[in-house]
Amino acid sequence: MRDLEYSYLKTRIKQLTGVDLDNYRERQMRRRLTSFISRTSAPSVVAYCRMVESDRTMLEDLRSFLTIKVSEFFRDPLPFEQLKTEILPQLLMDRTRLNVWSPGCSVGGEPYSIAIILDKLTPFAKHRIVATDIDVISLQKARNGGPYRSNEVRNVPTQLLREYFDVLGDSYHVKDKIRQKVDFKKHDLLRDPFESGFDLIVCRNVTIYFTEEAKVRLNQQFCQSLSPGGILFVGGTEAIARARELGLTTLGHCFYRKQPADALRALPIDEERAVKAMNVRR
Ligand SMILES: C[S@@+](CC[C@H](N)C(=O)[O-])C[C@H]1O[C@@H](n2cnc3c(N)ncnc32)[C@H](O)[C@@H]1O
């Protein structure tokens, strides 16, 4: 795709879907879009945009392609184990009610996994779990609590699957007692304002396609949104460069703690677990 075509496509995509490609890594996005458009019947970029303009299905396909919604429950089990055994118990030592945000939550596997862990750790507590995404179709499935295919729940231990899911034919639905614990809302991380006062922000596998500038801006905003001592949980390939300068202490591979509120206890850095998590992913 030539520069002029990409530039035209960016403008049209912003008008048609609201997605601003200036925040996404250009080489990667250009390559993906070239291959995506070549699989349609459109003879050119301009013709493709005209078709999308008048065809709802093509517009939904484009939106869905741009947002990459792949997700599953307990995606990457090792960091989730660390969350359950170290991070959350530490947070719960000085807070009875957690304020949690899962931005880029896709179809809900991530915030529901957190809700399940918290239900196990603190069955009577009323935590607040907010989950957001730019994609309204994913949010609808998330709000409905499914249906999820077996590959989306493959990391859920059998006992938890029995306790927290209903099985209908070959699909899985989150039981109401967990569904009611998560509040889903539309939110664009690159445009909308951020709330503050979160004890835990879980943003995983969302920023991988963003430009470096967009990532730095986002991490600064996450930092501001965390309460002192709050935790940022990121994906295995999304390590935050110069975390200390942002006021974050690294806690192993996927977790960062906001400093300084004077009396913060440092969590132990479990390097061994971090390295294991990295190796499993590779
Ligand atoms: C690959 S999924 C990750 C889902 C989940 N966090 C996980 O790790 O399983 C990426 C999600 O980020 C969302 N997303 C992409 N750009 C976004 C933006 N600017 N604001 C909010 N969400 C966005 C997509 O719609 C998609 O649902």
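The structure is a predicted model, in which local features need pLDDT of at least 70 and side-chain atom pairs count only at pLDDT 80 or more, while totals for chains, interfaces and linings use all residues. Residues are numbered from 1 along each chain as its sequence is written.

**Overall fold**
- The protein chain has 11 helices and nine strands, which are DSSP runs numbered from the N terminus (helices are H or I with at least four residues, strands are E with at least two).
- The radius of gyration of the protein chain is 20 Å, close to the 19 Å that the globule rule gives for 282 residues, so the chain is as compact as a globular protein of that length; this radius is taken over C-alpha atoms, and the rule is 2.2 Å times the number of residues to the power 0.38.

**Domains**
- The protein chain is divided into domain 1 (3-67) and domain 2 (77-281), with bounds that come from an automatic or database domain assignment.
- Eight residues of domain 1 are in contact with seven residues of domain 2, where contact means that the C-beta atoms, placed from the backbone, lie within 7 Å.
- On the side of domain 1 that touches domain 2, the elements giving two or more residues are helix H2 (26-38) and helix H4 (56-67).

**Nonpolar cores**
- The largest nonpolar core has 51 residues, and those with the most contacts inside it include Ala115, Leu200 and Phe233; such a core is a set of buried Ala, Val, Leu, Ile, Met, Phe, Trp, Tyr and Cys residues joined through C-beta atoms within 7 Å.

**The loop between H4 and H5**
- Phe74 is found in the loop between H4 and helix H5 (77-93), and its phi is near 50°, a positive value in a residue other than glycine.
- Phe74 counts as buried because it has 24 C-beta neighbours inside 10 Å, given that a residue is buried if 20 or more other C-beta atoms, placed from the backbone, lie within 10 Å of its own, exposed if 12 or fewer, and partly exposed in between.
- Asp76, in the loop between H4 and H5, is partly exposed, with 18 other C-beta atoms within 10 Å.

**Around the ligand**
- Of the 22 residues around the ligand, Thr67, Ser71, Gly104, Ser106 and Leu189 come nearest, where a residue is near if its C-beta atom, placed from the backbone, lies within 6 Å.

Key:
Two residues are in contact if their C-beta atoms, placed from the backbone, lie within 7 Å.
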